[in-house]
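The report below treats salt bridges, then nonpolar cores, then a sheet and a helix packed against it. Please read it alongside the sequence and the model.

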Amino acid sequence: MNLLALDIGGANIKLADGQGYAASHPFALWKQPEQLATQLAHCLAEAPPHNRIVVTMTGELCDCFETKRAGVRHIVDATLKAAGGTPVLFYQTTGEFVSADEACEKYLLTAASNWHALATFAATFCDDKPGMLVDIGSTTTDIIPILHTQEAGHGRTDPDRLKSGELVYTGIERSPVCAVVSHLQWHDSACPVAQELFATTGDAYLLLKELAEDSENLSTADGQPFDFDSAHARLARMVCGDCELVSRAEVISFAEEIQEAQLKLLEPAFSQVIGVMGQSPEVIVLSGHGEFLARRLLKRLEFDVSVISLTKILGPEVSRCATAHALAVIASETK
């Protein structure tokens, strides 16, 4: 049976077959919810031939939906429409695959279930040792404990996971800079930043050369290309300046401050999860294209653990879609 997994988020649709194929398609669900079925059909048409689809999601949180119930229903209906007659099952935080009707009926188990799939997959690399998954993506960070070769998350819903530290709503591309820092050092003093969506963390990591330029990517704060010059201008606006008033060296300094601030956001969550876990992890599985930030976090915490990189194991393209890959692998092993 040729299987395809979908991870439907608010900003990206990710696909994988568990055999090496993976693709990430940018799609602003919150702006165009009515176009979801069309976009999914396009994604499915580009994927390898398949006769079964499994789905996980986070897009139900988008503010175009009045409730999570409505968001789950919309995503389920759009997926069924895009799939045509291909059978579709939906993953829940119980680890089960269910029908569309059950996915909508028990919508809180269906909502934001992707972390569970990835943590379950990551647990297979821990060899029955206490472990942890640290997945840093474009929008969020997951810090999930693993015990006895199983995910051992304390929270199940997004609100509970936020409170437990297992979900930190910060990522390396889409987080607004004004949500990460309140001041930036400029001209030998701390300058308050504008509370506007002038720039995101992606601009900082682009200028730090952790992310690559992509002139075709216009999913930026100002709709201009994801390149060095545009990122310079966007970060300069954070202190109500521009690329003439704020030098390239100064915005790179801003970027370094932003990275430091994100690390300080992640540190207490990491400690909180370990506290609930009751023991230090012996294995840490890193995932997501923010893996470089996770490595810096581990270095500053001076953790002497075995570190496993899904980017190295799966390759950068599949790792970017690690949740979809994990879901495909789990589904292929489920009888």
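Arginine 296 is partly exposed, at a relative accessible area of 31%, where buried means under 20% relative accessible area, exposed over 50% and partly exposed in between, with a 1.4 Å probe and protein chains only. Glutamate 210 is likewise partly exposed, at 28%, and forms a salt bridge with arginine 296 in which the closest N and O atoms are 2.6 Å apart; a salt bridge is a side-chain nitrogen of Lys or Arg within 4 Å of a carboxyl oxygen of Asp or Glu. This pair links distant parts of the chain, 86 residues apart, with arginine 296 in helix 11 and glutamate 210 in the loop between helix 8 and helix 9. Helices (H or I, at least four residues) and strands (E, at least two) are DSSP runs, numbered from the N terminus.

The model is predicted, so that local features need pLDDT of at least 70 and side-chain atom pairs count only at pLDDT 80 or more, whereas totals for chains, interfaces and linings use all residues. Residues are numbered from 1 along each chain as its sequence is written, and side-chain values use heavy atoms, with hydrogens and water left out.

Arginine 161 and aspartate 158 are both buried, and their side chains meet in a salt bridge at 3.4 Å, N to O. Both belong to helix 6 (residues 158–164), where they are three residues apart, about one turn of the helix.

## Nonpolar cores

The largest nonpolar core has 46 residues, of which Met132, Leu235 and Phe270 touch the most other members; such a core is a set of buried Ala, Val, Leu, Ile, Met, Phe, Trp, Tyr and Cys residues joined through side-chain atoms within 4.5 Å. Its largest share, twelve residues, comes from helix 10. Another core, of 34 residues, lies apart from it and has Ala23, Ala37, Val55 and Val76 among its members.

Six strands form an open sheet of mixed pairing, in the order 3-2-1-4-5-6, two strands being paired if DSSP finds at least two bridges between them. The edge strands, strand 3 (22–26) and strand 6 (97–98), each pair on one side only. Strand 1 (residues 3–8) and strand 2 (residues 12–16) run antiparallel and are joined by four bridges.

In helix 1 (residues 36–46), the buried residues include Leu36, Leu40 and Leu44. What covers the buried residues of this helix includes strands 1, 2, 3 and 4 together with helix 2 (68–83), while Thr38 and Ala45 are exposed on the other side.

Methods: Contact = heavy atoms within 4.5 Å.
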